[in-house]
Amino acid sequence: MASSLLPAFTVRRGEPVLVSPAEQTPRETKTLSDIDDGEGMRFYSSGIHLYRANPDKQGVDPAAVIREALARALVPYYPLAGRLREEAGRKLVVDCEAQGVMFVEADVDLTAADFGDVQSPPFPCYEQFILESTTVAGVESVIDRPLLYIQVTRLKCGGFIFGQRFCHCVVDAPGGMQFEKAVCELACGAASPSITPAWGREMFMARQPPQPSYPHLEYSEPAGGAVDRMLTTPPGDIARVPFFFGPREIAGLRQRAPPHMSRSSRFELVAACIWLGRTAALGYGADEEVRLSFIVNARGRRDVPLPEGFYGNAFAYSVAVTTAGELCAGGLGYALELVKKAKSAVTYDYLLSVADLMVLRGRPLFALSRTYIVSDVSHAGFKSVDFGWGEAVYGGPAKGGEGPIPGVTNYFSRSKNGKGEEGTVVPISLPKDAMDKFHLEVEGLTAEI
């Protein structure tokens, strides 16, 4: 893990500039899908990549290289240089007029070594290394704003930090990675990106007439019960602790899983474990409904005919639902059963049903109360983003989760422990009095028998 005790420093930012496509691009309006423009997508997702100095790049300015490659990549990816506009029914479209993405150069008197062995989010002092967009009354809007913000911070050792903020309405994590790799290829001398981007948003438009074919509890708050303490605990009373699930912990979970579930995926095991432990630690009433909501990506599924090069949102939130009493009594096997059932529910018809719901219900936000929301980015390949300086020392989300309420949403990411063992790390946020209880619950579930 990285040390949080960085030397005192000041980031010296230049003046932000707009970078437009390097060549003439179509002037047109492109419609987002009904998956893209839900309320839960209307935010900027942040990522950071840390690079050491490369002797072969001595005297080469990474900011200049990336800025030039960015302008070239925006030619085939020209919608990313546009601006969102909201039409009737809260429908979002992209006005493609080559307005540009926001870019800033910066310098700081730190070295890559100062960040230690940073393995997982949150990245130390990430706020200093990403360029924030403007807010109105504390609220960050995605309408009529750049869709991408990039900051390249040069380090005194010759390395640098690449920080980006993507509007989630236009790309998901794989789509954002596809674009970043296009920038990398151009920065490394390619004449054009190896993957030709495809818009393809018609794949996820609501049917006519819209007729949701699933209940979609993920968009309805749980009925009754007390107010969820995760939504009311002041930030100062929240403890934040990364939990590592390596070979020992996964082996312990497999031993406790029912025999027919012992081959469950790492994600399924870790998600079930955290949901179970978190529910017990928070002390929800036995009759109160609790939920685990997680992203299921449609890429690579046979029933979802995505065009090659698609970079929009191609996922849905699925939800496992039960009561706190049933979950705690049923243990890991019951939690795994619910996770697997929710995971298998996401089909192309399910995605179209979400699109139908978005249109009928005004594009609502997913439920937050007594809900634990997970996004698994462990296979996103963040470290493979190479602008010519080699593999990133750190590559991944800037934060441990997204949204204004700590601990409601979490990223699962890949990491190594002090022994060099690969595993999944999850940055947990809970009220301080619940964290010790959660730790004991996880220890009990993961200790090898």
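The chain has seven helices and 18 strands. What you are looking at is a predicted model, so please keep that in mind throughout.

Overall dimensions next. Along its principal axes, the C-alpha trace spans about 60 × 55 × 45 Å. The radius of gyration is 22 Å, which agrees with the value near 22 Å for a compact globule of 449 residues. Of those 449 residues, 55% are buried. As for contacts with a separation of 6 or more, 81% of them are between residues 24 or more positions apart.

Now to one pair of helices. Two packed helices are described by the angle between their axes and the distance between the axes. Here the pair is α1, residues 62-73, and α2, residues 173-187. The angle is about 120°, and the axes lie 8 Å apart. The crossing of α1 and α2 is right-handed. On the α1 side, the contact is made by Val65, Ile66, Ala69, Leu70, Arg72 and Ala73. On the α2 side, Phe179, Val183, Leu186 and Ala187 take part. What kinds of residue make up this contact of α1 with α2? Nine are nonpolar, none is polar and one is charged.

Lys91 sits in the loop between β5 (83-86) and β6 (92-96). Is Lys91 buried or exposed? Its relative accessible area is 11%, and the cut-off for buried is under 20%, so Lys91 counts as buried. The side chain of Lys91 makes a polar contact of 2.8 Å with the side chain of Asp34, and another of 3.0 Å with the side chain of Asp37. Leaving aside neighbours within four places in sequence, Lys91 is also in contact with other residues, among them Thr31, Leu32, Arg85, Glu86, Met205 and Arg363.

The second residue is Arg291, which belongs to strand β13, residues 289-297. Arg291 has 3% relative accessibility and therefore counts as buried as well. Which backbone oxygen does the side chain of Arg291 reach? That of Ser220, at 2.3 Å. Not counting residues up to four places away in sequence, Arg291 touches Leu217, Ser220, Glu221 and Pro222, among others. Its list also includes Trp275, then Val319, Ala320 and Val321. Ala367, Arg370, Thr371 and Tyr372 are on that list too.

To recap the two residues: Lys91 is buried in terms of accessible area and has side-chain polar contacts with Asp34 and Asp37. Arg291 is buried, and its side chain reaches the backbone oxygen of Ser220.

Terms used
Residues are numbered from 1 along each chain as its sequence is written. This is a predicted model: local features need pLDDT of at least 70, side-chain atom pairs count only at pLDDT 80 or more; totals for chains, interfaces and linings use all residues. Side-chain values use heavy atoms; hydrogens and water are left out. Axes are lines fitted to C-alpha atoms, for helices over the stretch in contact, and angles run from 0 to 180 degrees between N-to-C directions. Helices (H or I, at least four residues) and strands (E, at least two) are DSSP runs, numbered from the N terminus. A crossing is left-handed if the near helix is turned anticlockwise from the far one by less than a right angle, and right-handed if clockwise. Contact means heavy atoms within 4.5 Å. Ala, Val, Leu, Ile, Met, Phe, Trp, Tyr, Cys and Pro count as nonpolar, Asp, Glu, Lys and Arg as charged, and the others, Gly among them, as polar. Buried means under 20% relative accessible area, exposed over 50%, partly exposed in between (1.4 Å probe, protein chains only). A polar contact is a pair of N or O atoms within 3.5 Å; within protein, one must be able to donate a hydrogen and the other to accept it, and residues adjacent in sequence count only if both atoms are side-chain atoms. The radius of gyration is taken over C-alpha atoms; the globule rule is 2.2 Å times the number of residues to the power 0.38.
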